[in-house]
Amino acid sequence: MPVLARWIEKAGIPTVVVTMMPNLAKAQLAPRIVGVQFPIGHPFGMPNDRKMQRQVLETALTVLAKATSFATRVDLNIEWPQSTDEAMKAGQPQEPSPMIAEVRSNPDLLRRGAKPLVK
Amino acid sequence: MKIDDYKYLPRMYRSLYENKPAIEEGKVWAEFDKHLSRARVALLSSAGLSLRSQQPPFDVERERREPTWGDASYRLIPRATEPSELAISHLHIRNDDVLADPNIALPLAPLADLVESGFVGGATAEHVSVMGYQGWYDDALDRWRDETAPAIARALKEQDADGVVLAPV
């Protein structure tokens, strides 16, 4: 996704990436980044918490419009209102994805050709 | 707050993501040259959302058969879409919360609120949905770079998007 942002930006449209993995987005050179410490699958926050969702989007739009230099990053200071265990559970699929199942049965896959997966 | 990318990920993911060289090098920059209150913005989610009654879902059946393959197509989602009209196809995240409230991945309602309050000028008529699992090997990115990304950029330009908020899930 950070590289998709770069391709869209190259086409002339400004981008901001809202992400649970801002360090990865930075390493992959996304132009503008908003980081959130949320579980996988939840970039704008808790289901039905419109206030939290709006706060994240407002921050993203502000960074989109106001950032003046490449690699601008703002991390949001929002505590996730669930325990770490609950948050892990909220993010992970009920059964391992086909590729993860494959890697577990054949760890050699990690050593050849593995690349940053983007969820 | 210091964010730990791996806080909510199983341990094995660290080796998948950490210390990977950047796919591309160098700066890219497009100037955002409007006041936000007069700008039109688009959303892009990688949650694999599609319109239940009108669009084919992302092809997770092929991915089940070929785990190193990921669907690189995209869908356009009208801004006034009801949450109940959205289906999700994504084998790498838990779908329950996105189905319960798609705004956590594609914040149509929060954006409508911010347009109504005047914080931002408007939303594009349609937003963009992709399915974020791109496949396993580096050449899987070729189709994204050569076909999907240019098609998405064209669609956003046709809709006069002044900027886009991307949210990987």
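Author: The cover over the buried residues of H5(A) includes helix H1 (12–17) and helix H2 (60–65) of chain B. Helices here are DSSP runs of H or I with at least four residues, strands are runs of E with at least two, and both are numbered from the N terminus. Helix H5 spans residues 98–105 of chain A, and its buried residues are Pro98(A), Met99(A), Ile100(A) and Val103(A). Buried means under 20% relative accessible area, exposed means over 50%, and partly exposed lies in between (1.4 Å probe, protein chains only). An α-helix has 3.6 residues a turn, so residues three or four places apart point the same way.

The model is predicted: local features need pLDDT of at least 70, side-chain atom pairs count only at pLDDT 80 or more, and totals for chains, interfaces and linings use all residues. Residues are numbered from 1 along each chain as its sequence is written, chains are lettered from A and ligands numbered from 1 in the order in which they are written, and side-chain values use heavy atoms, with hydrogens and water left out.

H5(A) is also among the elements that give two or more residues to the side of chain A that touches chain B. The contact (heavy atoms within 4.5 Å) takes 90 residues from chain A and 84 residues from chain B. About 8,200 Å² is buried between the two chains, 67% of it from carbon and sulfur atoms; buried area is the accessible area (1.4 Å probe) that two parts lose on being put together, summed over both.

Four salt bridges link chain A and chain B, each a side-chain nitrogen of Lys or Arg within 4 Å of a carboxyl oxygen of Asp or Glu. Arg54(A) pairs in this way with Asp113(B), with the closest N and O atoms 2.7 Å apart. H3(A) gives the most to the side of chain A that touches chain B, with ten residues. That side divides into 51 nonpolar, 22 polar and 17 charged residues, where Ala, Val, Leu, Ile, Met, Phe, Trp, Tyr, Cys and Pro count as nonpolar, Asp, Glu, Lys and Arg as charged, and the others, Gly among them, as polar.

The largest nonpolar core has 62 residues, of which Leu61(A) and Val165(B) touch the most other members. Helix H3 (residues 50–66) of chain A supplies the largest share of this core, eight residues. A nonpolar core is a set of buried Ala, Val, Leu, Ile, Met, Phe, Trp, Tyr and Cys residues joined through side-chain atoms within 4.5 Å. Leaving aside residues up to four places away in sequence, Val165(B) touches residues including Leu57(A), Ala60(A), Leu61(A) and Leu43(B). A second, separate core of 24 residues includes Trp7(A) and Leu166(B).

Two loop residues of chain A have positive phi without being glycine. Leu29(A), with phi near 65°, lies in the loop between H2 and E2 and is partly exposed at 23% relative accessibility. Asn48(A), with phi of about 65°, lies in the loop between E2 and H3 and is exposed at 63%.
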